[in-house]
Amino acid sequence: MQVLAVGGATLDIINSVPVYPNEDDELRATSHQECRGGNATNTLVVLSQLGHQCSWAGVLGDDKSSRLILRDLQQQGVDTQWARIQPEGFTPTSYILSSLATGSRTIVHYRDLPEYGIEAFEQIDLANYAWIHFEGREAAVYEPMLRHARLAAPSATISLEIEKPRTDIERLIPLADVVIIAKAYASSHGYENALDLFEAIGTSPGSVMLFATWGEDGAWLQTVDGNTLHMPAYQPGRVVDTLGAGDVFNAGVIDGLQAGLEPAEVLGRAVRLAGEKCGRRGLDIA
Ligand code: ADP
Ligand code: FRU
């Protein structure tokens, strides 16, 4: 399947530490790695491994990091023809502490680039894509892109990830077919569980399929008929690295739905892929 994803690519600077430090501590990293990251491109890299033809639309700076990112995407078989380079821009960079004790990842993110906007998006021949995935970012910029995607590629499935709270991001939800919401968004709005989240979102029947990822508590699904389902997390032997687990989950959802699996199977497959990922470093699937 031809998949287009719109969203972020980052330089990830990852220091692994034995345990998460206290404020004002000084400690030595046990390993250091600089690699490509970013939700949309992480999802594409996994989809590419699952056999899909993937394209990325996003913005990079004009620097060494952007060259590393483009090289990595090309090596992973992800088409970068729609990427925009912002002259004199600084590529989004994440400073990440990965705790060996728990597998948790703590991210400090720096970004100073404009979003990929409707002008660039309108240049893409969307009719080539069977699936268009959006990493939900600035609602005012993304709303025209989602609307345009629906008109220009009426037979494509549109998915949307909502990871963090952002002004008015909720208005993007009815514009997608599949929406994947992370616990970070839900918690910041005071929802203690996925069912409260689904109820608050209140999509009309027959419209949107909702997923909610809940870290080590697994994930939930609400079908377009309003039925809900929970899948506990898949436990790898040991949790070593949760960085990108949500992005792998998204790839599992897209892959499972396009294969025509039943909703429960899609949920199970996405939870399994994400859980297996937590048991190893990086995004290479077994
Ligand atoms: P992210 O923080 O990367 O957005 P989440 O924490 O929401 O991702 O996790 C996405 C999915 O990954 C969860 O729904 C779950 O299935 C799986 N997952 C996350 N953390 C763990 C863990 N510690 N053990 C097993 N599976 C996990
Ligand atoms: C993981 C990730 C990292 C990136 C950060 C951006 O989900 O995509 O690769 O640094 O999140 O928010």
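Helix 7 (245-258) and helix 8 (263-278) each contribute at least two residues to the shell around ligand 1, where helices (H or I, at least four residues) and strands (E, at least two) are DSSP runs numbered from the N terminus. Helix 8 gives the most to this shell, with 3 residues. This is a predicted model, in which local features need pLDDT of at least 70 and side-chain atom pairs count only at pLDDT 80 or more, while totals for chains, interfaces and linings use all residues. Residues are numbered from 1 along each chain as its sequence is written, chains are lettered from A and ligands numbered from 1 in the order in which they are written, and side-chain values use heavy atoms, with hydrogens and water left out.

**Ligand 1**

- Ligand 1 is surrounded by 16 residues, of which the closest are Arg 105, Thr 213, Gly 215, Gly 218 and Gly 246; a residue is near a molecule if one of its heavy atoms lies within 4 Å of it.
- The shell around ligand 1 comprises 8 nonpolar, 5 polar and 3 charged residues; Ala, Val, Leu, Ile, Met, Phe, Trp, Tyr, Cys and Pro count as nonpolar, Asp, Glu, Lys and Arg as charged, and the others, Gly among them, as polar.
- An N or O atom in the side chain of Thr 213 is 2.9 Å from an oxygen atom of ligand 1.
- For Arg 105, a polar side-chain atom lies 3.2 Å from an oxygen atom of ligand 1, and for Glu 163 the distance from a side-chain N or O atom to an oxygen atom of this ligand is 3.5 Å.
- Of the 560 Å² of accessible area that ligand 1 has on its own, the protein covers 89%; accessible areas come from the Shrake-Rupley method with a 1.4 Å probe.

**Ligand 2**

- The residues surrounding ligand 2 include Thr 10, Gly 37, Gly 38, Ser 94, Ile 96, Lys 164, Leu 243, Gly 244 and Asp 247.
- Strand 2 (10-17), helix 1 (39-49) and strand 8 (93-99) each supply at least two residues of the shell around ligand 2.
- By class, the shell around ligand 2 holds 2 nonpolar, 7 polar and 3 charged residues.
- A polar side-chain atom of Asp 12 lies 2.6 Å from an oxygen atom of ligand 2, and a side-chain N or O atom of Asn 39 is 2.6 Å from an oxygen atom of this ligand.
- In the side chain of Asn 42, an N or O atom is 3.3 Å from an oxygen atom of ligand 2.
- The protein covers 92% of the 320 Å² of accessible area that ligand 2 has on its own.

Technical notes:
A polar contact is a pair of N or O atoms within 3.5 Å; within protein, one must be able to donate a hydrogen and the other to accept it, and residues adjacent in sequence count only if both atoms are side-chain atoms.
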